[in-house]
Amino acid sequence: MMNNKAKPVEFKLNEYLSKGLELLKKDFGNFIVAYILCMIMSIIPFCGLLAMGNFYKYCRKINKGEQASVGEIFNFDDFLPYFIVQLIIIGGVFALYIPMFIFIPFTSVVDGDAVPPAFGLFMVLYIFLIVIAVFIVALLGFYIPGLISLKKVNDIKTAWIMSRIMTKNNLLTIFLFAIIVGFLSQIGILLCGIGILITMPYFYTTHYFAFEDAIQQIEYDEIKEIGTKNEF
């Protein structure tokens with residue numbers, strides 16, 4: 001059994017982009033069906049992230065040449081950790097809005113219908129800081145879905161700590177990766193919406209390789225460490 005140890009990993013942006021496309025072409029039709037099932041499952045409350053995680057498991061099986069069924073998208077084995085993640089996200093969103101809930105009624109009492117310039121400046125700065133904070137948290141937690149679905153790290157605190165360590169010195173590269181893949185995946189919306197059935201599976205396959213490679217890097221060191229200990 002592997003220990004849940006982590007280290008900063010090498011982020012191979014170009015490799016993930018090319019391998020994601022190769023994997024998509026390997027089983028193109030079933031990937032489209034799998035993504036459609038992801039959309040259907042996302043309709044179920046609190047199951048959007050779970051569907052995404054199951055898609056990564058499907059990618060792993062196809063990549064390894066194992067028997068895989070698109071119906072596995074409806075697997076609920078990892079429901080609890082993803083449910084907790086979503087509760088944390090919802091709680092964080094509410095926490096971010098608390099200052100606005102406090103200041104908006106206050107300004108109405110003080111100035112009636114007029115909006116004080118200081119409040120307008122505060123809102124601009126606050127929204128800017130929120131956007132920055134959300135981006136940083138999202139980047140630091142980049143590997144959490146992969147750790148849950150592919151490495152079976154079901155403790156969210158452990159997954160967060162591991163992801164934070166794994167992303168060290170890679171935040172700008174991961175941000176660039178998110179921009180490139182996000183842009184390519186959104187092209188499908190411009191193609192009358194139908195193209196999204198092609199571009200969004202690519203979004204998932206590239207992320208799968210980013211997660212898989214990172215996990216292999218940390219597990220390689222764990223195996224090496226165990227082998228060294230056994231020699232003594």
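A: Of the contacts in the chain with a separation of 6 or more, 75% are made by residues 24 or more positions apart; a contact here means heavy atoms within 4.5 Å. The model is predicted, and therefore local features need pLDDT of at least 70 and side-chain atom pairs count only at pLDDT 80 or more, while totals for chains, interfaces and linings use all residues. Residues are numbered from 1 along each chain as its sequence is written, and side-chain values use heavy atoms, with hydrogens and water left out.

The secondary structure consists of nine helices and zero strands. Helices (H or I, at least four residues) and strands (E, at least two) are DSSP runs, numbered from the N terminus. Along the sequence the pattern is accordingly written α-α-α-α-α-α-α-α-α.

Of the 232 residues in the chain, 39% are buried. A residue is called buried under 20% relative accessible area, exposed over 50%, and partly exposed in between, with a 1.4 Å probe and protein chains only.

The largest nonpolar core contains 52 residues. Such a core is a set of buried Ala, Val, Leu, Ile, Met, Phe, Trp, Tyr and Cys residues joined through side-chain atoms within 4.5 Å. Two or more residues are given to this core by each of α1 (13–26), α2 (28–42), α3 (48–63), α4, α6 (144–150), α7 (156–166), α8 (171–190) and α9 (196–231). The greatest share comes from α9, with eleven residues. Within the core, the residues with the most contacts are Phe11, Phe55, Tyr143 and Phe177.

Phe177 shows how such contacts reach across the sequence. Apart from neighbours within four places in sequence, Phe177 is in contact with Phe11, Leu13, Tyr16, Leu17, Phe142, Gly182, Thr206, His207 and Ala210. Val181 is located in helix α8 and counts as buried because its relative accessibility is 0%. When residues up to four places away in sequence are not counted, Val181 touches Leu17, Phe203, Thr206 and His207. Val181 and Thr206 are 25 residues apart along the chain, and their C-alpha atoms are separated by 7.8 Å.

Charged residues come next. Side chains of opposite charge can pair when their charged atoms come close. The structure holds seven salt bridges, each being a side-chain nitrogen of Lys or Arg within 4 Å of a carboxyl oxygen of Asp or Glu. In one of them, Asp213 pairs with Lys12, with the closest N and O atoms 3.3 Å apart. This pair links distant parts of the chain, since Asp213 is in helix α9 and Lys12 is in the segment before α1, 201 residues apart. Asp213 is buried at 10% relative accessibility, whereas Lys12 is partly exposed with a relative accessible area of 24%.

Another salt bridge joins Lys152 to Asp78, with 3.5 Å between the closest N and O atoms. Lys152 lies in the loop between α6 and α7 and Asp78 in the loop between α3 and α4, so the pair ties together parts that are 74 residues apart in sequence. Lys152 is partly exposed, at a relative accessible area of 46%, while Asp78 is buried at 2% relative accessibility. Lys57, Asp78 and Lys152 are linked in a network of salt bridges.

Glu219 and Lys151 form a further salt bridge, their closest N and O atoms being 3.1 Å apart. Here too distant parts of the chain are linked: Glu219 is in helix α9 and Lys151 is in the loop between α6 and α7, 68 residues apart. Glu219 is partly exposed, with a relative accessible area of 23%, and Lys151 is buried, with a relative accessible area of 10%.
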